[in-house]
Amino acid sequence: MYKLLTGMKILDLTRLLPGGYATQLLGDLGAEVLKVEDPWQGDYMRWMEPYLPGTQESALYFGLNRNKKSLKLNLKSSEGREVFFKLLKSYDVVLEGFRPGVMENLGLGYEVLQAANPRVILCSISGYGQDGPYRLRSGHDINYTAIAGALGLAGVPGGQPVLPAVQVADLGGGALLAVAGLLAAYIARERTGLGENVDVSMLDGVVSWMAMLYTQLAAGDPTLKRGEGRLSGGDICYRVYAAKDGRYMSLGALEPKFWQAFCQTVGREELISHQFSRDPGALAEVESIFKQRTQAEWVEFLKDKDLCCEPILEPFEAKEHPQVRHRSLFRSLSHPQAGRVEVIGNPLKFGQEEVGPDRLPPGFGEHTEEVLEEEGFSAEEVARLKERKIIE
């Protein structure tokens, strides 16, 4: 946990993956993140299997919610909204992931929030954005990547599209662009003194990630088809190859120097001129070359070679890769029942910043009383709110 964003305070109304990842990243950077959860269910991610060993706590939730606090608050009640507006006075950002219109229906639309605190930044993550014919349509990562055209390009020629194992729209189009958007608004506020309304669409995000591909389309590139693009398996210098043992290697020799180095290393210099060819014979030759060694043998053979060829690892292997370990991409958190739990660490590194201890992901409503007392609520007020089921 760094301290770069110390002083930034975020009210996190989101659930599940996009908002959870975004606010965890901000929390890792030192922002104070308060999860505002309804008392009857809260973040759905809390209850999803698999569970941590010996507990009924979701491993998925545990991996997305460190360095946060949790407050149970009924925003559907007028008294709950009064509590929220009192909190809002000392917070900088409200992050929400509801369908468009829900915040307005709750009485928490941007104009209302800004009237209560002109400096507040509202950042909204949704599937299709706050306007347009699809604004109210339901969707998930698979749907956003499908409409964007990204899913249609994944796979082999003539085969069906292949789902990516990582949620590209949720994480790239939603979480990361939300972090970029709200940080930009936070910086701009120092100049203007006013907050901002940040509209993040996961569909927009995926389309934007395809900048090179859509430029190719504009240029009339005929290879922009499933499995035929330069970076999706169409060229023999940049694709996946099966090794002798049925495992796979990734070859990314795009630059001529790397392709030349590969051909020279395997003793097949006659293939140098075929780097970007679509010749089935040349492809068959490279396939046969990779089948001469097992994956482990290829790793050993290429360990001191500079030619962009690496093994395709399973997740349990990737965790133990020396570069991954050296970069501290995993860290252990101590859970009171499950013991040491290994989670993904902060991917950002800062040379001049010290790293402090992480907070465990919060229990459901764990910090309700603590937060309200810190914000000036008396013990009597807290007790009355609990009695009326506004908080728990």
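This is a predicted model: local features need pLDDT of at least 70, side-chain atom pairs count only at pLDDT 80 or more; totals for chains, interfaces and linings use all residues.

Biologist: Where does Tyr 44 lie?

Modeller: Tyr 44 is in the loop that runs between β2 (32–37) and α2 (59–62).

Biologist: And why does Tyr 44 count as partly exposed?

Modeller: Buried means under 20% relative accessible area and exposed means over 50%, with partly exposed in between. Tyr 44 has a relative accessible area of 30%, so it counts as partly exposed.

Biologist: Now Leu 88: is it buried or exposed?

Modeller: Use the same cut-off, under 20% for buried. Leu 88 has a relative accessible area of 0%, so it is buried. You'll find Leu 88 in helix α3, residues 78–88.

Biologist: Which residues is Leu 88 in contact with, leaving aside neighbours within four places in sequence?

Modeller: Those are Leu 11, Val 94, Leu 113, Ala 116, Asn 117 and Val 120. Take Asn 117: 29 residues separate it from Leu 88 in sequence, yet their C-alpha atoms are 6.9 Å apart in space.

Biologist: What share of the contacts with a separation of 6 or more comes from residues 24 or more positions apart?

Modeller: In the protein chain, that share is 69%.

Biologist: How many helices and strands does the protein chain have?

Modeller: There are 16 helices and 11 strands. Of the chain's 392 residues, 42% count as buried.

Note on methods
Residues are numbered from 1 along each chain as its sequence is written. Side-chain values use heavy atoms; hydrogens and water are left out. Helices (H or I, at least four residues) and strands (E, at least two) are DSSP runs, numbered from the N terminus. Buried means under 20% relative accessible area, exposed over 50%, partly exposed in between (1.4 Å probe, protein chains only). Contact means heavy atoms within 4.5 Å.
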